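Please keep the sequence and the coordinates at hand while reading.

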Amino acid sequence: MNARLALLCGALSIVVLAAASGDERPDRSTANSVIGTLTPATATQPAASTSPGSTGQHFGQPDCNSQNLLASLRPQGPLPAPGQMPAGSTMARIAQRGHLIVGILEDTAPFAFRDANLQPQGFDIDIARDISAAIFGDRERVVFRPTPEVDRLEPLRSDEVDIVVAAVTITCQRRQQVDFSTPYYEAGQRILVNRGSGIRDLADLRGKSVCAARGSTSLTTILAAPSKPLAVGTPTETDCLMMLQLGEVDAVSTDDTLLAGMAAQDRQTEVVGPRLTSEPYAIAINKDSPDLVRFINAVQQRRVQDGRWEASYQRWLRKLGPPPAPPTPQYQD
Amino acid sequence: MPSSLQAIQTQRSSRVQSGRRWRRYDWDTTPGKLMVAQIVLVLVALLGGGVGAYAAAGQASTIQVIGGHLESLNADVITLYRSLADADATAAAGFLSGGVEPDEIRIRYTRDLVSATTNLARASTEAGGELVTTRRIADITAQLPVYTGLVERARANNRQGRPVGVSYLRHASDLMQDSILPEAAELQRRQAAQLDAAYQRARSVVVAVLAIGGMGLAGLTWLQVFLFHRTQRVLNIGLAVATAALIFAMAWWVIVGSTSASSLATARGHSRSLSDALGPAQIAALQARAVESLELVTRDAGPTEPDFDARMQILERDKGTGGALGAARQFTTDQQGKSLVQAAIDAAGGYAAAHREVRRLDDTGDYIKAVNAAINTRQPSAATAFDRLDSALTAAVAHERAAFQRDIGHAEGWLTGLPIGTGSLAFVTATGVAVGVQRRLEEYR
């Protein structure tokens with residue numbers, strides 16, 4: 001912690017969490033951002049206990065063992081033809097409105113970002129457009145709304161969007177607030193460092209600083225690490241790449257997918273170490289629209305069958321290696 | 001002062017010549033009273049003249065300091081403040097045009113930085129050794145290259161299509177908005193306070209000189225009434241000349257004091273309008289524009305609509321009666337100034353409406369149209385509405401600055417000849433008193 005970091009912390013309203021000593025250093029807050037103050041107590045709870053927006057609050061420990069976290073509602077019958085949504089269904093309501101409203105992050109290449117022509121692009125965006133195609137027969141009937149990274153599910157809870165497709169990991173905590181589709185990708189948390197830094201995994205980070213987005217599951221994992229690195233929370237994932245480039249942190253730790261996006265922006269960085277976690281990404285949907293969950297699961301099944309899932313992977317995620325098998329859907333009724 | 005010296009010599013010689021004669025000069029006796037009055041009044045006249053001449057010269061130099069040094073430092077600091085805010089708003093707007101920034105945006109950003117660094121250097125020179133000001137200037141000077149470095153990294157990354165550019169831009173903007181601009185605001189507040197203190201000094205000096213003059217006039221009146229009762233002679237030429245000179249001097253001071261003071265008061269109104277109303281209005285407008293751009297550039301984090309509203313509330317509220325522009329309306333006295341401020345208020349309304357359209361488009365998911373409505377300069381947009389607001393504010397600032405220079409010139413002009421005039425008239429008064437009283441004293445020998 002030098003003066004420059006203090007300046008950065010102030011300017012970006014970054015949270016520095018010292019898991020080792022237990023001293024919190026939430027620096028001065030700016031008017032437009034909320035500082036999350038994770039305490040080491042909450043941080044050392046099981047990883048899933050901290051979800052977006054839960055900072056400082058203690059939810060009852062959900063019972064995750066009684067159900068399969070990844071199981072989602074089974075599709076019912078074949079998909080209805082585009083433009084012919086069942087009367088009274090959530091899809092019919094969306095069709096009547098004329099567009100699907102999707103909450104996205106615009107800062108998480110290659111999952112979602114705006115290209116040079118300001119058009120949203122990425123692996124997540126392809127999914128949203130395919131759902132639009134299934135409802136309207138038109139991939140372009142989507143209204144994208146940016147969702148705050150620190151609490152990606154917030155627009156869903158306040159009914160501002162129909163679905164959130166924003167690299168959201170299924171967690172116990174989040175499942176209590178929203179419904180999830182079947183996973184569409186399985187990521188895992190890894191570490192991004194400067195080339196030649198000598199850091200190979202989490203154990204090498206003792207006494208070093210590691211950056212992750214505030215409110216992310218990645219931050220929780222860092223805080224729970226036995227090597228007790230200094231956790232630095234930023235407003236967005238990409239801010240972490242900046243912090244690494246500015247020499248303010250020693251490493252960035254988040255999902256390998258996002259790290260690959262960062263490594264692509266800066267050849268002096270590399271992704272190292274084994275997967276620390278398993279992060280199943282799924283589409284978040286309002287709890288009172290089970291028909292939409294089933295519909296989207298059917299759309300996902302078809303995407304895998306007709307090869308569009310793989311095409312999208314080839315387009316955006318090729319750098320992560322040859323396409324893996326798509327996550328196997330698990331259903332409940 | 002030959003006559004007063006003569007008087008003192010007379011006094012001395014009489015004391016030497018005989019103790020009995022000296023007794024006649026006792027306070028109880030008429031000559032004694034005359035002599036004391038003579039000495040006191042000559043001293044009051046000389047003191048008044050000295051103080052008056054010094055005060056007049058001091059007043060002239062205070063006004064020169066206000067019109068020259070302090071005001072130009074103030075203007076530099078306001079310009080610095082504005083340039084910094086403008087650079088930030090411009091950098092953010094540049095991001096909205098995609099990888100390649102339009103020429104006018106690049107040029108405007110460069111011009112802002114040149115202006116900021118020039119004004120920093122000038123303010124630093126003008127601040128002299130003033131510690132707090134110098135330290136703040138040093139703080140800003142140290143942070144500015146950090147800011148520009150971040151903006152350059154933001155631009156370089158953006159040009160290559162790397163999303164991390166947005167992080168650099170937001171970080172740069174946070175540094176500007178949360179750290180550099182508050183420093184500049186403090187600097188500006190301090191300059192405004194110093195200017196105001198100088199105005200206070202300029203006003204109190206007139207009162208002090210008139211108080212001494214009043215004492216002299218009272219003494220002279222008493223002396224003449226006393227002599228009239230003792231000698232039954234109405235006119236003592238020496239004292240009459242002294243009285244006339246004193247009254248003339250005081251009248252000069254009253255007229256000059258009040259005219260100069262009223263010019264000074266209007267000048268103060270103009271400089272307060274600049275530092276307390278129009279200056280803050282320019283900053284608030286630029287900050288609002290920066291928020292508008294950042295809302296479109298940094299989507300997942302960064303400033304939001306309440307931040308925009310807060311800036312606009314500072315700029316203008318309650319149909320132009322509140323906020324900085326409402327204050328500007330209060331400060332402005334002349335018709336042209338009032339209509340310029342009104343134009344700015346109207347332009348602020350126009351910009352707020354254009355911004356609402358940008359938000360409406362963005363909120364309904366029409367991001368590209370929203371960006372177009374924010375930056376397109378070829379059709380009515382938030383960009384053109386903002387330019388209109390910015391020009392209206394610049395015109396009002398130019399008007400107030402010219403009016404200030406004119407009034408400070410008047411205030412200074414009225415003081416021409418006052419120091420030497422006060423000194424000469426005081427000398428005439430002292431001589432008149434000395435000669436006039438000496439004549440009477442000689443009659444007692």
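## Conventions

Helices (H or I, at least four residues) and strands (E, at least two) are DSSP runs, numbered from the N terminus. This is a predicted model, in which local features need pLDDT of at least 70 and side-chain atom pairs count only at pLDDT 80 or more, while totals for chains, interfaces and linings use all residues. Residues are numbered from 1 along each chain as its sequence is written, and chains are lettered from A and ligands numbered from 1 in the order in which they are written.

## Domains of chain A

Chain A is divided into domain 1 (3-27 + 189-272) and domain 2 (75-186 + 280-330), with bounds that come from an automatic or database domain assignment. The C-alpha centres of domain 1 of chain A and domain 2 of chain A are 28 Å apart.

Between the two, 15 residues of domain 1 of chain A are in contact with 14 residues of domain 2 of chain A, where contact requires that the C-beta atoms of two residues, placed from the backbone, lie within 7 Å. On the side of domain 1 of chain A that touches domain 2 of chain A, the elements giving two or more residues are helix H8 (237-245) and helix H9 (256-265) of chain A, and H9(A) gives the most, with six residues. That side of domain 1 of chain A divides into five nonpolar, six polar and four charged residues; here Ala, Val, Leu, Ile, Met, Phe, Trp, Tyr, Cys and Pro count as nonpolar, Asp, Glu, Lys and Arg as charged, and the others, Gly among them, as polar.

## Sheets of chain A

Five strands of chain A form an open sheet in the order S8-S4-S9-S18-S10, with mixed pairing; two strands pair if DSSP finds at least two bridges between them. Strand S8 (142-146) and strand S10 (179-180) of chain A stand at the edges, each with a single partner strand, so one side of each has no neighbour in the sheet. S10(A) pairs with strand S18 (residues 284-285) of chain A in the antiparallel sense over two bridges, and A:Asp179 has A:Ile285 in S18(A) as its bridge partner. Helix H4 (residues 123-136) of chain A lies across strand S4 (100-104) and S8 of chain A, running at about 170° to S4(A); axes are lines fitted to C-alpha atoms, for helices over the stretch in contact, and angles run from 0 to 180 degrees between N-to-C directions.

A second open sheet of chain A has three strands in the order S5-S6-S7, with antiparallel pairing. Its edges are strand S5 (107-108) and strand S7 (120-121) of chain A, each with a single partner strand, so one side of each is left without a neighbour in the sheet. Strand S6 (residues 112-114) of chain A and S7(A) pair in the antiparallel sense over two bridges, and A:Phe113 stands opposite A:Gln121 in S7(A).

## Backbone details in chain A

A cis peptide bond, with omega about 0°, joins A:Ala109 and A:Pro110, and A:Pro110 is placed in the loop between S5 and S6 of chain A. A:Asp159 has a positive phi of about 60° although it is not a glycine; A:Asp159 lies in the loop between helix H5 (154-157) and strand S9 (163-164) of chain A.

## Helix packing in chain B

Two packed helices are described by the angle between their axes and the distance between the axes. Helix H3 (residues 30-96) and helix H12 (residues 382-414) of chain B pack at an angle of about 160°, with their axes 9 Å apart. That angle makes H3(B) roughly antiparallel to H12(B), a term for angles over 145 degrees, whereas those under 35 count as roughly parallel, 65 to 115 as roughly perpendicular and the rest as oblique. H3(B) passes H12(B) in a left-handed crossing, meaning that the near helix is turned anticlockwise from the far one by less than a right angle, with clockwise being right-handed. Residues making the contact include B:Ile63 and B:Glu71 of H3(B) and B:Phe404 and B:Glu412 of H12(B), and the contact divides into six nonpolar, two polar and two charged residues.

Helix H10 (residues 335-363) of chain B also packs against H12(B) at an angle of about 160°, with axes 8 Å apart, which makes H10(B) roughly antiparallel to H12(B). The crossing of H10(B) and H12(B) is left-handed, and the residues of their contact comprise 18 nonpolar, five polar and two charged.

## Interface between the chains

Across the interface, 25 residues of chain B are in contact with 27 residues of chain A. Helix H6 (164-231) and helix H11 (367-375) of chain B each supply at least two residues of the side of chain B that touches chain A, and H6(B) gives the most to that side, with nine residues. By class, the side of chain B that touches chain A has ten nonpolar, nine polar and six charged residues.
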